[in-house]
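Dear colleague,

My notes on what was found in it come after.

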Amino acid sequence: MQVDPRKTIRPTFSRHGLRWLAAICMALVVAPAAADSLTPMRSVALPAIEATGRIDGIAAIDGQAVAILENTAWRLDDKGNAWRPIAWKSGTAPGDIAALFGDGKRTYALIGASRSGAIASVARVQLAGSELSLQPLPPLPVPLSAVQGALSGNVIYLTGQSGSKIQLLQMMLDAERPTWSTVDGWPQAVPATSLVVQTAGVFATVPDATDGHERLWRWSASTGWVARGVVPGVVVPGTGRAMGQAHVLYLVRDAANAPVRAMTFQTITGSWATLPGVSIGNPLASASWQDGLLWAAPNADGKRIEFASAQVQSSKLLLRWLDWIVIVVYLSAMIGIGLYFYLREKRGSTSSFFVGGRSIPFWAAGVSLYAANTSSISFIAIPAKAFESNWQYLTNNLIAVFGLMFVAVWIVPLLRRLDLMSVFSYLETRFHPAIRMLASALCILTQIGSRMSVILFLPALAIATITGISVTWSVILMGGFTIIYTAMGGMKAVIWTDFVQVIVKMGGAIFAIGFIVWSLHGGVGEFMATAMAENKMHVFDFSFDLTKATVWGFLFLVLFDVVLTFPKDQVLMQRTLSTKSDKEAGRSIWAFAAIMIPGGFVFYLIGTALFVFYKAHPERMNPLLPIDATFPLFIAAELPMGVTGLIVAGIFAAAMATLSGIMNSVATLISVDFYDKLVKDPSQKKSVFFAEMMTVVVGLIGIGAALLLSRFDVHSLFDVSIELAGLLGGGFAGAYTLGMFTRRANAPGVAIGIASSICLTLIAWTFHLVHPYFYLAISILLCIVIGYVASLFFPAPTRSLKGLTIYADVEE
């Protein structure tokens with residue numbers, strides 16, 4: 001029997017409509033959480049080796065599968081059709097190889113009678129053509145039994161039993177004279193069944209003699225050994241391997257001789273998930289192989305050894321038709337705003353193109369300031385950072401608000417009264433044209449090198465995760481659209497598109513938080529309980545450890561980067577220079593500060609919400625993706641159609657808001673600080689046309705830098721952006737402090753300060769002396785101190801400083 005829905009809904013909506021609506025919404029939310037694993041495994045049978053006897057180990061050497069059976073060796077051919085015997089290089093004695101371990105490219109051998117017996121040395125196994133060879137490492141300080149090994153980068157780790165003690169040995173392979181260092185093992189004197197290095201920690205699975213369970217321990221230099229919970233079964237010895245940036249893949253069985261299953265341990269959430277789709281018998285040995293594992297198992301008749309592999313399958317989570325409609329509408333709106341100002345403005349005035357004719361309301365400029373300050377780094381990298389750690393970096397936002405108050409009262413009105421287009425014009429007036437051009441060139445390099453590349457690459461990573469479009473095409477698409485509307489509309493298009501983009505991205509972010517909390521069975525209660533138990537909302541670190549991001553580091557940074565040198569940022573200052581008066585300019589900073597704290601809480605709250613969600617549903621993670629892809633994965637896999645498109649538009653908005661400002665600001669610097677200085681009698685029309693062309697050029701260079709960055713495996717792009725900004729941006733920033741807060745600073749001294757600060761900061765970076773968050777503050781401080789001291793060796797400025805320092809008006 002069919003029922004006319006119009007007749008059903010209309011009379012009963014008051015009683016049942018909301019109930020049905022809630023049920024549908026709940027189904028949309030709960031369904032993804034209860035769905036199957038996103039990453040099943042696909043197993044492939046490999047050829048067998050017709051041989052009997054002990055298998056010493058299998059490994060991947062430069063991507064080629066190698067098996068060692070007693071003293072014979074075999075290599076799987078390139079097509080995977082057969083195992084070919086390979087010889088040991090003349091003069092190489094393989095000796096007693098107890099086991100092999102490696103990272104899928106490099107392999108090392110434990111030399112001893114057996115893994116459980118005494119191991120006295122380790123050697124690298126190398127494959128050259130059809131020959132194997134061993135390259136011995138320095139001998140162990142003490143023989144170890146029941147040894148497990150792990151390799152991460154240029155550090156090799158071993159753990160084993162020496163007498164009644166468990167020890168962890170490590171060696172820096174790239175040291176001038178590699179030596180073994182020793183660390184005491186976990187509290188229980190029981191040997192490990194596996195050893196893996198992941199997320200800057202060493203993970204060991206250890207049987208517990210008291211209750212029969214197997215426990216997981218993590219060691220790092222800063223925390224020592226920390227218990228990470230109980231293993232849901234028994235780990236097959238020697239089978240762990242790191243995957244992606246935060247997962248470990250193990251082979252686990254419930255008990256002896258029980259079926260083996262593939263499981264992942266998520267090192268951040270501490271959750272275990274089973275990867276379906278693979279059946280594993282009784283593996284004799286295993287090794288990292290491509291995106292999964294390779295293992296060997298005995299044949300039933302005992303006359304041959306069988307091999308198989310299983311790879312993690314990662315399918316693309318594509319957008320649906322409604323998502324694409326939302327994205328197309330958003331991109332069309334951005335182009336429409338640029339076209340509107342292109343047709344409306346005469347484009348013959350540099351003031352109109354660079355600073356919006358100085359007619360922007362303070363509230364619009366304030367919102368645009370926030371949009372420029374919250375790029376794709378905020379939308380993707382900050383949630384990833386909060387997911388991985390806590391809210392410690394939020395301290396910067398909280399302290400920066402107080403710094404912005406000082407800036408709003410003292411700094412911005414002073415510069416706005418000078419009617420600048422390039423903030424570096426101040427440095428010419430205060431010091432010398434050469435200082436202006438040097439600082440402007442460093443600023444251009446900083447914006448393109450440390451900001452545009454990261455800001456373009458991050459959302460491209462997200463879009464590739466969600467849509468299936470490659471990172472390359474995502475970068476080109478997003479950069480191309482931003483170039484078009486920025487070059488057409490100038491600063492007015494930048495500010496008003498920023499206003500729309502803030503609404504889009506904040507709306508999507510808030511919806512995502514609510515969606516996650518609603519999807520939890522315990523709602524807000526479960527969310528808060530899990531977050532507090534795991535210390536995920538911890539904000540303030542008052543320690544004096546210079547290798548960490550502490551409150552003192554943020555105070556140091558805000559003091560030098562916000563309070564004293566806010567004018568160095570052309571991208572932000574250009575918005576305040578676009579307001580109607582110095583009073584309006586100050587108010588725009590107050591509006592910016594008012595939005596910063598609640599906006600910061602939203603982005604960090606996303607990361608915490610993601611942690612709670614994936615701790616409850618670890619099967620919904622993709623172990624192959626980097627940590628920075630956590631939020632994009634959630635958007636693609638969990639959100640309903642249409643909402644996914646809205647948040648993808650928010651990702652576009654987060655990136656494009658900052659990109660447009662950078663493109664316009666860098667084009668302004670190139671035009672005002674270089675073109676107008678080097679070209680004789682340039683007309684305003686020619687200057688605007690040149691700036692439009694430079695907008696395109698800068699955008700294309702930024703696209704190229706982002707594509708270059710995509711070739712590297714970066715653990716945290718948030719950290720990279722901070723590090724690059726410190727190395728490139730601090731050298732010239734201190735010049736503003738010397739100019740505005742001192743009367744004695746002069747051009748030669750400031751030039752020396754800039755050059756010295758860059759060199760000394762590079763030295764600190766080379767030797768990893770402090771946490772990267774300190775680089776910018778250190779560079780600024782060095783510029784101020786060295787620049788001021790150097791100025792004492794040159795004559796004091798003789799020209800009037802009226803209106804150029806905070807003391808000038810008092811003086812005169």
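**Helix α10 and its surroundings**

The buried residues of α10 pack against α9 (471-519) and α13 (582-616), where contact means heavy atoms within 4.5 Å, and helices are DSSP runs (H or I, at least four residues) numbered from the N terminus. This is a predicted model, in which local features need pLDDT of at least 70 and side-chain atom pairs count only at pLDDT 80 or more, while totals for chains, interfaces and linings use all residues. Residues are numbered from 1 along each chain as its sequence is written, and side-chain values use heavy atoms, with hydrogens and water left out.

Helix α10 spans residues 523-533, and its buried residues are Gly523, Phe527, Thr530 and Ala531, buried being under 20% relative accessible area and exposed over 50% (1.4 Å probe, protein chains only). Seen down the axis of α10, these buried residues fall within an arc of 95°, so they line one face of the helix; the arc is taken from the directions from the helix axis to the C-beta atoms. Met532 and Ala533 are exposed, on the face of α10 turned away from its buried side. After α10 comes Asn535, with a positive phi near 60°.

For the chain as a whole, 57% of the 812 residues count as buried. Among contacts between residues at least 6 apart in sequence, 68% join residues at least 24 apart.

With regards

Notes:
Helix = DSSP H or I, 4+ residues; strand = E, 2+ residues; numbered from the N terminus.
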